[in-house]
Amino acid sequence: MKNFGFQWHITNYCNLRCFHCYQDDFSRNGESTFEEMKSVILKISTVLREKTITINFTGGEPLLYGNIFELLNFAENTGNIKSFNLITNGLLLNTETIDRLKCFKKLKEIKISLDGGDAETNDRIRGRGVFDRVLMNIERLREVGGKEIILMYTLGSYNYLNLAGMVNFAKNLGIDGVIIERFIPWGRGLLLKEQYLKKDEWLSVINDIIRLTNIDCSPGELLPYKAFHIIFKRPVELKGALCNLGDESMALMPNGDVYPCRRFPTRIGNILTDDFNEILLRLRILKNNILENLKGKCRDCEVENCFGCRALSYAINNDFYAPDPQCFL
């Protein structure tokens, strides 16, 4: 039986206004109470008692949620939650915060968002001075040990040519790895709608990844993966993430709303009010419906485990079933 992993946006509140952000609300509106969040953990844990669960806590900026450490502690003490990770912009990783985070044994990865291997590239997207401040906090974090430190890069037309520099920068930091994701224009990111990676640009990224990791494969073999995790071991390792549509994952919003993924704008239900088994069924039905109604080259595709990025197809073509505009085959 497969595990269940989900991304929990515990707050929309954020101290940044990144130009590519998929949010358009940065307030605390609709934020669940701590008691409601505990009930969510218990509901998921009970329904999935035969599975192990992994949670990616994020936001907004999750460290701005008032009960973040109490929430992590509750997850720490819930039996079948195997592990959890923190996705943060890194600005609030001061000494006090780091001291509190290091006590959680189930906290395995701290993922820090940057969008360039230099201040000019990153700060163009994330704001002036952010790069240097985050770098200072990463140095603090490295002294702790016991947690994997991973940089998260979101690639668009505006920065994909700097991929090699970004990866080498991360490697030289002495951290554990880098996750590469693609820009999907939603929320504030609609201002940069035409800056999504075109198919030739995505092919260029794939070729760069092959070269940087020295793996023996063709670009077509990596096409099904929607994101990549480069792990700085010897030799360097590469993990790909397939589309997580279905009943083994979800995106959970601050008010309890459930989406298939954060960039897929179809509300499945609300975990605070709906039966969680029913939510899982709806997620499964949605994936089956997608697979049965694909159009064009995606309908006829013979690449195993690939049905394109439905979120991107909708963002660009206003059609969940349209061919993936990034497919280079």
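Select Lys43, Ile44 and Val47 in helix H1, then Phe276, Asn277 and Leu280 in helix H9: these two groups meet, contact being defined as heavy atoms within 4.5 Å. Sorted by class, the contact of H1 with H9 has four nonpolar residues, one polar residue and one charged residue. In this classification, Ala, Val, Leu, Ile, Met, Phe, Trp, Tyr, Cys and Pro are nonpolar, Asp, Glu, Lys and Arg are charged, and the others, Gly among them, are polar.

The model is predicted, with local features requiring pLDDT of at least 70 and side-chain atom pairs counted only at pLDDT 80 or more, while totals for chains, interfaces and linings use all residues. Residues are numbered from 1 along each chain as its sequence is written, and side-chain values use heavy atoms, with hydrogens and water left out.

**The two helices**

Now display the whole of H1 (residues 34-47) and H9 (residues 276-292), which pack at an angle of about 70° with their axes 10 Å apart. Helices (H or I, at least four residues) and strands (E, at least two) are DSSP runs, numbered from the N terminus. Axes are lines fitted to C-alpha atoms, for helices over the stretch in contact, and angles run from 0 to 180 degrees between N-to-C directions. H1 and H9 are therefore roughly perpendicular to each other; angles of 65 to 115 degrees count as roughly perpendicular, under 35 as roughly parallel, over 145 as roughly antiparallel and the rest as oblique.

**The core**

Next, select Trp8, Phe57, Leu151 and Met250, the residues with the most contacts inside the largest nonpolar core, which has 100 residues. Such a core is a set of buried Ala, Val, Leu, Ile, Met, Phe, Trp, Tyr and Cys residues joined through side-chain atoms within 4.5 Å. Buried means under 20% relative accessible area, exposed over 50%, and partly exposed in between (1.4 Å probe, protein chains only). H9 gives the most to this core, with six residues.

Centre the view on Phe57. Leaving aside residues up to four places away in sequence, Phe57 touches Trp8, Ile10, Pro62, Leu71, Leu72, Ala75, Phe84, Asn85, Leu86 and Ile87.

**Aromatic rings**

Phe57 also belongs to one aromatic cluster with Phe4, Phe6, Trp8, Phe84, Phe104 and Phe276. The structure holds 13 aromatic pairs. Rings of Phe, Tyr and Trp (its six-membered ring) pair if their centres lie within 6.5 Å; planes under 30 degrees apart count as stacked, over 60 as edge-to-face and the rest as tilted.

Select Phe84 and Phe104: their ring centres are 6.3 Å apart and their planes stand at 65°, so the pair is edge-to-face. Because Phe84 lies in strand S3 (residues 81-88) and Phe104 in the loop between helix H3 (95-101) and strand S4 (107-113), the pair ties together parts that are 20 residues apart in sequence. Phe84 is buried at 0% relative accessibility, and Phe104 is buried at 7%.

Compare Tyr314 and Phe320, whose ring centres are 4.1 Å apart with planes at 15°, so the pair is stacked. Tyr314 is partly exposed at 22% relative accessibility, whereas Phe320 is buried at 16%.

**Helix H6 and its surroundings**

Move to helix H6 (residues 163-172) and select its buried residues, Leu163, Ala164, Met166, Val167, Phe169 and Ala170. They pack against helix H5 (130-142), strand S5 (148-155), strand S6 (177-182), helix H7 (199-213) and strand S7 (225-231). H6 is followed by Gly174, whose phi is positive, near 80°.

In the loop between S5 and H6, find Asn159, which is buried at 2% relative accessibility. Not counting residues up to four places away in sequence, Asn159 touches Asp115, Thr121, Thr154 and Met166.

**Loops and backbone details**

Select Leu191 in the loop between S6 and H7. Leu191 is exposed, at 66% relative accessible area. The C-alpha atoms of Leu191 and Phe19 are separated by 7.5 Å, although these residues are 172 residues apart along the chain.

Two cis peptide bonds come next. One runs from Gly59 to Gly60, with omega near 20°; Gly60 is in the loop between strand S2 (53-58) and helix H2 (68-76). Another runs from Arg234 to Pro235, with omega near -5°.

Finish at Asn318, in the segment after H11. Asn318 has a positive phi of about 55° although it is not a glycine, and it is exposed, with a relative accessible area of 57%.
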